[in-house]
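Please work through the following exercises with the sequence and the structure open beside you. Each one sets a task and then gives a solution in steps.

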Amino acid sequence: MTQTTDVTPEGFGALPVRPGKIIAVHLSYASRADQRGRRPANPSYFFKPASSIASSGGTVERPAGTELLAFEGEIALVMGTTARRVAVDEAWASVGWVTASNDLGVYDLRAADKGSNVRSKGGDGFTPLGPELIDARMVDPAALRIRTWVNGEVAQADTTADLIFPLARIVADLSQHFTLEPGDVILTGTPAGSSVIRPGDVVEVEVDAPSADGSPTSGRLVTTVTEGTQPFDAEIGDLPAVDDAQRIDAWGSREAAGLPAAADASAPQPVLDPDLRAKLERAPTAGLSAQLRKRGLNAVVIEGVRALGHDARLVGRAKTLRFVPFREDLFASHGGGFNAQKRAFDAVEPGEVIIIEARGETESGTLGDILALRALARGAAGVVTDGGVRDAQIVAACGLPVFAAGPHPAVLGRRHVPWESDVAIACGGATVLPGDVIVGDGDGVVVIPAAIVEDVVDDALAQEEEDTWIAARVEEGHAVDGLFPLGKEWRARYEAERGAP
């Protein structure tokens, strides 16, 4: 049985009343969680304004100056009765209706308030609903189907059997924190397949219950994308900004976003093997540099950087961050809010080294004490920047190994615009790829390609052992001729002594 309600004069889609609240789940389908590479232990939520609701057959503007408007086909629950602190096994009884929704969002607007999604998902027309309501009493909440079409092609298809958090659990969880009232709407998350849409595209979403009597359906919720013409006012608030990480999130993959393949799809994970790390911590950068040179790699030293603290030692995998030269309009769009610099420091993983491309520009800071402390709290192995560091004494004392071109008191916006992270960069004249192995000590910092790091460090340690033996002979008074490097006679002696018990 399908219960249909005409569109109200206020334009609230298929809803019987204007909702007091629209609550949306961030991540709830296993397919979407697998796509994003993380599975939350509990659901998390955000609010959308009632003014974002639209009817089937309407249009939605992609705001002027933005690139990444994405659709998210979802099952919407419309509350039928009041629910406060209801148990999971009682929660579904308070749901009045089920219908289709499209939780539209603009990734270009996420930076300033990612998580709350106020700007990115709160726009007018960003919550189409309908066109018909399905009586919740007539369906099994574990047997609903959600499908989305873009220009007639299926883009999403999943069922509530794939939910990490069953619908009744979501209702019960929300009711622990506030009263759910009749007419309130809960958007229950989107499955894998969400992607970017452009002006002219037509998106259709349908929710149905194929196994229920009469196969009730919401009908197809149809939305056409148009191009906005009114630009945002740069003097008032945050402006649209995108980078490759945002593009990958919005499109669903590097390939779909039209980006080149990652430098090495099979590259090791950021955390180094403990045995490999132990060897790298023993190997001097001078020895590692020599072994890299033997393999034809000369441009692997990050020039012009020195440790801020004494006896600093740095070992980890590279997480890259790129700054571009300061330009007023670009800093206005990319420099404020949760920009690329802050996102990189907030996302660094244990064992990673943040490598900053600052073009050797030393007349501005590229990080300060707050970000250094954030990296330390995240378990970062250190930071390398070919630019300056603010609050240098505090940074040096905080315990995080930091290698930099030197201290400078000026803020980032004097010389730099934080642009993007997790891309190939140039730092101190050396190309650094995400996942490269970084080693730093009193001599400087070297970059080791991940594919050859085991061989390089083994050979460097073997050479270090040999050099230690040679140094002992020189201290005994022997001449270096034939000894350094080892000639035939001295090598025979070295091999004999090394092999002795």
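The exercises below concern a predicted model, and they go from the whole chain to single residues.

**Exercise 1. Describe the chain as a whole: its secondary structure, its extent and its burial.**

Solution. Begin with the secondary structure, which comprises 13 helices and 30 strands. Next take the extent of the C-alpha trace, which spans about 100 × 55 × 40 Å along its principal axes. Then turn to burial: of the 501 residues in the chain, 51% are buried, while the accessible surface comes to about 21900 Å², with 52% of it belonging to carbon and sulfur atoms. Finally, consider the contacts between residues at least 6 apart in sequence, of which 77% join residues at least 24 apart.

**Exercise 2. Identify the largest nonpolar core and the elements that supply it.**

Solution. The largest nonpolar core has 44 residues, and Leu77, Val98 and Ile186 are those with the most contacts inside it. The elements that each supply at least two residues of this core include the strands β2 (22-25), β7 (73-79), β8 (95-102) and β12 (145-150), as well as the helix α4 (167-177). Of the contributors, α4 gives the most, with six residues. Apart from this core lies another, of 22 residues, among them Ala344, Ile356, Ala380 and Leu412.

**Exercise 3. Trace how β16 pairs with other strands, and state how many of its residues are buried.**

Solution. On one hand, six bridges join β12 to β16, and these strands run antiparallel; within this pairing, valine 150 has valine 203 of β16 as its bridge partner. On the other hand, β16 is joined to β17 by four bridges, again in an antiparallel arrangement, and here glutamate 204 has valine 222 of β17 as its bridge partner. As for burial, β16 is mostly covered, since six of its seven residues are buried.

**Exercise 4. Explain why the buried residues of α5 lie on the same side of the helix, and find what covers them.**

Solution. First list the residues: in α5 (residues 244-251), Gln246, Arg247, Ala250 and Trp251 are buried. They cover an arc of only 120° around the axis, and therefore they lie on the same side of α5. Two bridges join β6 to β9, and alanine 70 has glycine 105 of β9 as its bridge partner. Just after α5, glycine 252 takes a positive phi of about 105°.

**Exercise 5. Decide whether isoleucine 448 is buried or exposed, and describe its surroundings.**

Solution. Isoleucine 448 lies in strand β30 (residues 444-448). Its relative accessibility is 0%, and it therefore counts as buried, the cut-off being under 20%. Leaving aside neighbours within four places in sequence, isoleucine 448 is in contact with residues including Leu280, Leu288, Leu292, Val453 and Val456. Finally, compare sequence with space: isoleucine 448 and valine 300 are 148 residues apart in sequence, yet 7.1 Å apart in space, C-alpha to C-alpha.

Note on methods
Residues are numbered from 1 along each chain as its sequence is written. This is a predicted model: local features need pLDDT of at least 70, side-chain atom pairs count only at pLDDT 80 or more; totals for chains, interfaces and linings use all residues. Side-chain values use heavy atoms; hydrogens and water are left out. A nonpolar core is a set of buried Ala, Val, Leu, Ile, Met, Phe, Trp, Tyr and Cys residues joined through side-chain atoms within 4.5 Å. Buried means under 20% relative accessible area, exposed over 50%, partly exposed in between (1.4 Å probe, protein chains only). The arc is that of the directions from the helix axis to the C-beta atoms. Contact means heavy atoms within 4.5 Å. Two strands pair if DSSP finds at least two bridges between them. Accessible areas come from the Shrake-Rupley method with a 1.4 Å probe; for residues, only the protein chains shown count as cover.
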